[in-house]
Amino acid sequence: MIKIVRKEGWELNPNDKIVNGIFKRLEATEGECPCKNDGATKEDRMCPCVSYLEKDKCCCNLYVKKDENIRGI
């Protein structure tokens, strides 16, 4: 199980298909981020990854900025 981290200005992607796909991939990788994350250690690559936590960038789109409209994706 991954932990959902609520950061100010971000929300869980409202597109259920994307979220469910990411969760399935996380199960297959035992929680490691499904995108090509450049985290130095396995801990850095665990979801939520260091890219999201420290660099404010979510490459897999599990989290989206609140002002971005991705509902149509």
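The largest nonpolar core of this predicted model has 14 residues. Tyr52, Cys58, Cys60, Leu62 and Tyr63 have the most contacts inside it. A nonpolar core is a set of buried Ala, Val, Leu, Ile, Met, Phe, Trp, Tyr and Cys residues joined through side-chain atoms within 4.5 Å. Buried means under 20% relative accessible area, exposed over 50%, and partly exposed in between (1.4 Å probe, protein chains only).

**Core**
- Helix H1 (residues 16-28) gives the largest share of this core, 3 residues.
- Helices (H or I, at least four residues) and strands (E, at least two) are DSSP runs, numbered from the N terminus.
- In soluble globular proteins, nonpolar side chains tend to be buried together.
- Tyr63 touches Lys3, Ile4, Val5, Trp10, Glu11, Leu12, Asn13, Pro48, Tyr52 and Cys58, leaving aside residues up to four places away in sequence. Contact means heavy atoms within 4.5 Å.

**Aromatic rings**
- The whole structure holds 2 aromatic pairs. Rings of Phe, Tyr and Trp (its six-membered ring) pair if their centres lie within 6.5 Å; planes under 30 degrees apart count as stacked, over 60 as edge-to-face and the rest as tilted.
- Trp10 and Tyr52 are edge-to-face, because their planes stand at 90 degrees, with ring centres 5.3 Å apart.
- Trp10 lies in strand S1 (residues 10-12) and Tyr52 in helix H3 (residues 50-55), so this pair ties together parts 42 residues apart in sequence.
- Tyr52 and Tyr63 are stacked, 4.1 Å centre to centre, with 5 degrees between the planes.
- This second pair links Tyr52 in helix H3 to Tyr63 in strand S2 (residues 63-65), 11 residues apart.
- Ring pairs join Trp10, Tyr52 and Tyr63 into a cluster. Trp10 and Tyr52 are both buried, and Tyr63 is buried too.
- The charged end of Lys7 sits over the ring of Tyr52, 4.6 Å from its centre. The rule: NZ of Lys or CZ of Arg is within 6 Å of the ring centre and within 35 degrees of the ring normal.

**Cysteines**
- The search finds 0 disulfides in the whole structure. The cut-off is a pair of cysteine sulfur atoms within 2.5 Å.
- For Cys33, the nearest cysteine sulfur is that of Cys35, 3.1 Å away. Cys33 counts as buried because its relative accessibility is 8%.
- The sulfur of Cys60 is 3.8 Å from that of Cys58, the closest, so it is too far for a bond. Cys60 is buried, at 16% relative accessible area.

**Ground rules**
- Residues are numbered from 1 along each chain as its sequence is written, and side-chain values use heavy atoms, without hydrogens and water.
- In this predicted model, local features need pLDDT of at least 70 and side-chain atom pairs count only at pLDDT 80 or more, while totals for chains, interfaces and linings use all residues.
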